[in-house]
Amino acid sequence: MPSDDKPLWLLTGNSNKFREASSILAPFGITIRHLKRSKVEVQDPRLENIARFGLKTALENHQGPLLVEDSGIFIKALSGFPGPYSSFVYETIGLRGILDMLRRHSDRRAYFQCTVAFGSSGLDAHLFTGKVAGKISRRVVGIKGFGYDPIFIPDGSTKTFGQTSSTFKNSHSHRAKAFQKFAKWYSSGSTYALKSGWVREP
Ligand code: IMP
């Protein structure tokens, strides 16, 4: 019988990420609860390691099952910068600082990555990664979404994520791809998922 004894939590201090993940998982019949605090971030060039470490430390105080994610934007002309430093760069030089750095660059290619780590105390983490390719706009455009959305134009679109609906972003984004992979894996009835003790909420 479904029960809420072992709900699934997403640890994030960012309510936008929680809202997006909830919408992406809903069509799979997966409900998540918000564990509203920031993850402990290790400095590492790979988002996979940051998400894995964030999950491991979170599980010291929370039994799980738990999801922790890390995301970033990687800009080709800047050799992948800001990547794992996306949060710091956003809070310091911001979107205008990024546009300034790219002023003389015609190669505007970039991608977003999101890596989700899923686990429960006593079990190793399972990781799911999603990427979306696109380019950096010349100006800050749009008021939707959050973070770098107003300067990122996904391939196949002429608009930034800041100009598109949440429905569009939640079916094309790096976060959509990562959480959909997780949902498909979980729904396929993996024994690991069962061992995590997570019971779907009614
Ligand atoms: P973190 O995963 O919380 O470390 O976030 C890294 C940085 O990337 C933050 O500044 C976020 O605002 C930004 N970011 C993460 N996901 C997205 C997204 O979906 N759109 C735009 N910016 C994002």
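**Entry 1. Terms and model**

I begin with a definition: a residue is called buried under 20% relative accessible area, exposed over 50%, and partly exposed in between, with a 1.4 Å probe and protein chains only. I note that this is a predicted model, in which local features need pLDDT of at least 70 and side-chain atom pairs count only at pLDDT 80 or more, while totals for chains, interfaces and linings use all residues. Residues are numbered from 1 along each chain as its sequence is written, and side-chain values use heavy atoms, with hydrogens and water left out.

**Entry 2. Glu41**

I looked up Glu41 to apply the definition. Glu41 is partly exposed, because its relative accessible area is 44%. I found Glu41 in the loop between S2 and helix H2 (47-58); helices (H or I, at least four residues) and strands (E, at least two) are DSSP runs, numbered from the N terminus. I then listed its contacts, meaning heavy atoms within 4.5 Å. Leaving aside neighbours within four places in sequence, Glu41 is in contact with Ile50 and Asp70. The side chain of Glu41 also makes a polar contact with the side chain of Lys39, at 3.4 Å. A polar contact is a pair of N or O atoms within 3.5 Å; within protein, one must be able to donate a hydrogen and the other to accept it, and residues adjacent in sequence count only if both atoms are side-chain atoms. Val89 stands 48 residues from Glu41 along the chain, and their C-alpha atoms are separated by 15 Å.

**Entry 3. The sheet**

In what order do the six strands of the open sheet lie? I read the order as S2-S1-S3-S4-S5-S6, with mixed pairing. Strand S2 (32-35) and strand S6 (152-154) are at the edges with a single partner strand each, so one side of each has no neighbour in the sheet. From one strand to the next, the twist averages 35°. I recorded that two strands pair if DSSP finds at least two bridges between them. In general, strands of a sheet pair through backbone hydrogen bonds, either parallel or antiparallel.

I followed the pairs in turn. Strand S1 (residues 8-11) and strand S3 (residues 66-75) are parallel, with three bridges; Leu11 has Val68 in S3 as its bridge partner. S4 and S5 run antiparallel and are joined by 10 bridges, and Ala117 is partnered by Leu127 in S5. The hairpin of S4 and S5 has six residues between the strands, and there Gly122 takes a positive phi near 90°. S5 and S6 are also paired in the antiparallel sense, over three bridges, with Ile153 in S6 as the bridge partner of Lys135.

**Entry 4. The cores**

I next looked for nonpolar cores, each a set of buried Ala, Val, Leu, Ile, Met, Phe, Trp, Tyr and Cys residues joined through side-chain atoms within 4.5 Å. The largest has 20 residues, and Leu25, Ile32, Leu67, Phe179 and Phe182 have the most contacts inside it. S1, H1, S4 and H6 are the elements that give two or more residues to this core. H6 gives the most, with seven residues. Which residues does Ile32 contact, leaving aside its neighbours within four places in sequence? I listed Leu8, Leu10, Phe18, Ala21, Ser22, Leu25 and Leu67. Apart from this core lies another, of 16 residues, among them Val89, Leu95, Leu102 and Ala110.

**Entry 5. Ser71 and the ligand**

Of the 17 residues around the ligand, Lys17, Ser71, Asp149, Lys169 and Arg175 come nearest. A backbone N or O atom of Ser71 lies 2.9 Å from a ligand oxygen atom. For Asp149, a polar side-chain atom lies 2.7 Å from a nitrogen atom of the ligand. For Arg175, a side-chain N or O atom is 2.8 Å from a nitrogen atom of the ligand.

Is Ser71 buried or exposed? Ser71 is buried, because its relative accessible area is 19%. Ser71 is found in strand S3. The side chain of Ser71 makes polar contacts with the side chains of Glu69 (2.7 Å) and Arg175 (3.0 Å).

**Entry 6. Thr164**

Lastly, I looked up Thr164, placed in the loop between S6 and helix H5 (166-172). Thr164 is buried, with a relative accessible area of 9%. Its side chain reaches the backbone oxygen of Phe161 at 3.3 Å. Not counting residues up to four places away in sequence, Thr164 touches Lys144 and Lys159.

Conventions: Axes are lines fitted to C-alpha atoms, for helices over the stretch in contact, and angles run from 0 to 180 degrees between N-to-C directions. A residue is near a molecule or strand if one of its heavy atoms lies within 4 Å of it.
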